[in-house]
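Please follow this explanation with the sequence and the coordinates side by side.

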Amino acid sequence: MAKVNANYAKLPGSYLFTEIAHRTARYMEEHPDAKMIKMGIGDVTRPLVPAVLEAMHDAVNDMSTSENFHGYGPEQGYDFLRNAIVENDFAARGVDIAADEIFVSDGAKSDCGNIGDLFDVDNVVAVCDPVYPVYVDTNAMAGRAGDYDEAAQNWTNIVYMPTTAENGFCPALPERDADIIYLCSPNNPTGTVLNFDQLKVWVDYANEHDSIILFDAAYERFITEENVPHSIFEVPGAKTCAIEFRSFSKTAGFTGARCGYTVVPKDLVRDGQSLNAMWNRRQTTKFNGASYIIQRGAAAIYTPEGKQQIEDTLDYYRANARVIKEGLEAAGFTVFGAVNSPYVWCKTPEGMGSWEFFDLLLTKANIITTPGAGFGPSGEGYIRLTAFGDAEATKEAMQRIAQLEL
């Protein structure tokens, strides 16, 4: 008889955003005339910019002739995109990253989950708390998380590092040595960032303990403040201890097009093995590369026209974030994030749980948010709102919240 991976049976309930979708669908079925405003899942709403669309159309035309047709491409990504990434995302910031250290994929979420293929099941995993669920769930699927403690709402083998208002959203170094450390800045879900000095502490720790930092920089284009690294590789020593994940989803509207990349430095070696070579072997075995058409579109965001058009879109979302932050604060709520991020982390009313406040906003204001408890134990007592919606709908949502009687 075929045996299944028993770790899946340990996963609690459904994936966070699946549960949100179920609750929302149930409410809308009972209230079909409700005008819902979506501020929960971090999906973009602005269309792809003209430079990207033109490049994609040209790429489609390439596929129509024998001379320009593209079949299987390089699993690591086409040189035209990898070289553009090197020049614009790293060299422009004084960071020395080579093209063969960049691996183009169908998105950062996939890579964040798949990177676990490189690591033994016995590694100790540390995550910030609250945490993007993919980091934890994929390690649970692989067998590194131990068992789920329903009462504590956490996994027995995962090291949770509280990342809260009380410590300025900068987690303390773990008391237990951690082999694999997930960091995300700008952070999902809190919308906060780690500055250079804070990030250097982690790089020094990882090099001292032979740990590996898995650094999620999916939202780096939203950074507006100085002294906040856009890449962990801006910190000296990071190339011997870190892997970085980047995404075009939120920065260029590719949530439906799917494209991102992962940086695995050649200096990153453990147990005599090159992590760069291992990831290359993994990708060439399990992945056939991102679409040629999509990669042409991604490369277009680095053209002069593409850069300006993307910046205009980012400004649209940044303005939404300010509206949410200012609107919630005016209504008496305590909020964090928004300044360097499309996410706003809002404290629930005194004595009200995350799911309770989620349900209240859903039913009384017809606003869909994300309950903080779904991001880990330290997320209880908060909700996350996203700035990716329509500008007028965002303003209306704040008006609805201001009129609530709590």
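Contact here means heavy atoms within 4.5 Å. The model is a predicted one, in which local features need pLDDT of at least 70 and side-chain atom pairs count only at pLDDT 80 or more, while totals for chains, interfaces and linings use all residues. Residues are numbered from 1 along each chain as its sequence is written, and side-chain values use heavy atoms, with hydrogens and water left out.

Setting aside neighbours within four places in sequence, Thr313 is in contact with Arg46 and Val49. Thr313 lies in helix α10, residues 304–330, where helices are DSSP runs (H or I, at least four residues) numbered from the N terminus. Because its relative accessible area is 16%, Thr313 is buried, a term that means under 20% relative accessible area with a 1.4 Å probe and protein chains only.

Trp202, 111 residues from Thr313 in sequence and 32 Å from it in space, C-alpha to C-alpha, belongs to helix α6, residues 196–209. Trp202 counts as buried because its relative accessibility is 1%. Beyond neighbours within four places in sequence, its contacts include Met161, Pro171, Leu183 and Ile213.

Elsewhere, helix α1 (residues 16–30) packs against helix α11 (residues 354–364) at an angle of about 35 degrees, with their axes 11 Å apart; axes are lines fitted to C-alpha atoms over the stretch in contact, and angles run from 0 to 180 degrees between N-to-C directions. Among the residues that meet are Leu16, Ile20 and Tyr27 in α1 and Trp355, Phe358 and Leu362 in α11.

Key
Helix = DSSP H or I, 4+ residues; strand = E, 2+ residues; numbered from the N terminus. Buried < 20%, exposed > 50% of the residue type's maximum accessible area, 1.4 Å probe, protein only.
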